[in-house]
Amino acid sequence: MLFAWAILAFLVVSIIMGIPMVVGFASASLLPLVMGTDGYDITQLITWILNGNSNTYLAITFFVVAGNIMSKGNISEKVYELFAYFLGDKNGFLPICALLTATFYGMVSGSAIAVTAAVGSLCLPILTRAGYDKKYFATLLCSSGCLGMIIPPSTTVLTAAGLMGIEDTTPALRLTMLIGLTCMVFLMACSLVHTRKDQGNREQIMREFVERREKGLARVFAESIWALMIPVIILGTIFSGLLTANEAAAVSVVYCMIISVYVYKTMTWKDIWNTIIGSIKTFGPLCIMMAVVIGFSNVIPAAGANEFVGNVLQNVPFNSTAFMLITVICISLMGFFMAGTSVLVPIMLPLATQLGIDMTLWCAIVAAVGAFALLTPPYGYGLLIMAPMADVPVGEMFKKVLPFWLGLTLIAVIYAVFPGLTAWLL
């Protein structure tokens, strides 16, 4: 138990000092060896790191590549045009088209940063030109962007599942799909309530709608059908059991490459290659960090954490509900400063095992609350991306996004406290 306390103290100090997470976890894994533990040796530690969940690494990389190809190939623009063709003339529904586009893009990329950047750059100028409140809808689009990490294929779910040792990620992806769609309905309701007062410039809205209708349904549909097939391929093959998550991710990359080069002709093969290299450079360090953290998650029980957890359970009236609430609170607070998932999951995993927590539900809640952290400064990348687009200071944008963050977090709390709401999906 001494080693467990030493690891915990070392991690706290490294976080306070701002030491890179991968260095902190690697050093914490080596600390018990330096102190003379006989629970494991350096060979076992290396084996744990190298034998991590490689399928998770592949799935994350493939989905990120597919999302980046979609962004650079302007595929999401085709989808927005189809939504706007049918809904663009209705009061308050032009922002709904933007939210639907964010949902669609989230079903492909699995990345909140990609969704925020793509949908923000595409839809915010359209909504601003239509006379809607720029600041309000910048925060709304920013909030919808974080759902890209929740709606499958979710890189956050795959990361959390890898840390928890979950091999079959399909049930967790089903749960996050439910949470993500519930959050999107919440954002749509907020938009509709707001547009009862802020109706935009109806004359400009109708002018663009008429221009869009002049193209004809056949042309708009023909341009968008190839893009609409992407989430059908990904989610259909995963949830039907036809393909695993990483196999579906690989298929989505090939499909996005083909339609970008040969159908929409918005990219060349050189562009595709540069996008792949850029994606690997971006998410390669994440995979390295995951490998180190997975090794660390094996170190914790080997260092006597189970005894530590047993003593905690004897003195504290823990139950599954309290555990879930503590998870939400801790990840939300840490989300202001860092990605709390990678830090908290290895530390809380022994306690979750002792309490008999449903790992699938815990994985979904961890992924959802971790995604909402993109709305909280100074770590919130969603705010940092959207604020320059809207020409609004980050601090002012956070004040406006705070109600959305609280509402989204409350939705996650409801699903965490009432697991019966999700039992039908398992």
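A salt bridge is taken as a side-chain nitrogen of Lys or Arg within 4 Å of a carboxyl oxygen of Asp or Glu. The structure is a predicted model, in which local features need pLDDT of at least 70 and side-chain atom pairs count only at pLDDT 80 or more, whereas totals for chains, interfaces and linings use all residues. Residues are numbered from 1 along each chain as its sequence is written, and side-chain values use heavy atoms, with hydrogens and water left out.

In one of them, R212 is joined to E81, with the closest N and O atoms 3.0 Å apart. This pair links distant parts of the chain, since R212 belongs to helix 11 (residues 202-214) and E81 to helix 5 (residues 75-87), 131 residues apart; helices are DSSP runs of H or I with at least four residues, numbered from the N terminus. R212 is buried at a relative accessible area of 7%, and E81 is buried at 19% (buried, under 20%; exposed, over 50%; partly exposed, in between; 1.4 Å probe, protein chains only). A further bridge connects R219 with E223 at 3.5 Å, N to O. Both residues lie in helix 12 (residues 217-239), four residues apart, about one turn of the helix. R219 is partly exposed at 48%, as is E223 at 28%.

Six aromatic pairs are found, where rings of Phe, Tyr and Trp (its six-membered ring) pair if their centres lie within 6.5 Å, planes under 30 degrees apart being stacked, over 60 edge-to-face and the rest tilted. The ring centres of Y85 and F86 are 5.3 Å apart and their planes stand at 80 degrees, so the arrangement is edge-to-face. Y85 is buried at 8% relative accessibility, whereas F86 is partly exposed at 41%. R213 lies over the face of Y85, 4.4 Å from the ring centre (criterion: NZ of Lys or CZ of Arg within 6 Å of the ring centre and within 35 degrees of the ring normal). Y132, Y136, F137 and F404 form one aromatic cluster.

A search of the whole structure returns zero disulfides, defined as pairs of cysteine sulfur atoms within 2.5 Å. For C97, the nearest cysteine sulfur, that of C123, is 8.6 Å away. C97 is buried, with a relative accessible area of 0%.

Methods: Helix = DSSP H or I, 4+ residues; strand = E, 2+ residues; numbered from the N terminus.
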